[in-house]
Amino acid sequence: MSDWVEPLGMRILIRKDESRQTTKGGIVLPDKAEIPNITGRVVEISVQIERDDDFPIKKYDKVLFNPSEAIPVDFEPDNVLFVVPIEDVVAVFRRGDSKTDEIRSAEEQEYEDPDDWDE
């Protein structure tokens, strides 16, 4: 029998990414550096969010979130799990074509002349 955490209401469970002490540009951050937003992976989603089409978040998505209202979960020894209100998730990282490319492509298809189509 294994244990797990199931978020309730409009919340998700996130495993925080490991903190970086050096930026990509090589700047070393002090140990107490306050980073307002942090990234992590979605571990669990509440049933309420899973059924709501307004929130395109799935399990295993990488997200950027504001930890101010996040509740640390004392479930793992290094406390990397947080229950986060969905409104504190500020971005979801996606791979592939950007949303604007998808919209542009749909618009181009909409205005194609059907006489140009091969039969």
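The legends below describe close-up views of a predicted model. Local features are given where pLDDT is at least 70, side-chain atom pairs count only at pLDDT 80 or more, and totals for chains, interfaces and linings use all residues. Residues are numbered from 1 along each chain as its sequence is written, and side-chain values use heavy atoms, with hydrogens and water left out.

View 1. Strands (E, at least two residues) and helices (H or I, at least four) are DSSP runs, numbered from the N terminus. Two strands count as paired if DSSP finds at least two bridges between them.

**View 2. Strand 2 and its two neighbours.** Strand 1 (residues 11-16) pairs with strand 2 (residues 38-45) in the antiparallel sense over five bridges. Leu13 stands opposite Glu44 of strand 2. Strand 2 also pairs with strand 3 in the antiparallel sense, over four bridges. In strand 3, Phe65 is the bridge partner of Ile38, and Lys62 is that of Arg41.

**View 3. Two nonpolar cores.** A nonpolar core is a set of buried Ala, Val, Leu, Ile, Met, Phe, Trp, Tyr and Cys residues joined through side-chain atoms within 4.5 Å. Buried means under 20% relative accessible area, exposed over 50%, and partly exposed in between (1.4 Å probe, protein chains only). The largest core has 14 residues, of which Ile12, Ile14, Phe65, Val84 and Val89 touch the most other members. Strand 1, strand 2, strand 3 and strand 5 (81-85) each supply at least two residues of this core. Strand 2 gives the largest share, three residues. A second, separate core of five residues includes Val5, Leu13, Leu81 and Val83.

**View 4. The loop that holds Tyr60.** Tyr60 lies between helix 1 (47-50) and strand 3 (62-65). Its phi is near 75°, a positive value in a residue other than glycine. Most residues other than glycine have a negative phi. Tyr60 is exposed, with a relative accessible area of 59%.

**View 5. The loop that holds Pro67.** Pro67 is found between strand 3 and strand 4 (71-73). Pro67 is partly exposed, at a relative accessible area of 26%. The C-alpha atoms of Pro67 and Val83 are separated by 9.6 Å, and the two residues are 16 residues apart along the chain.
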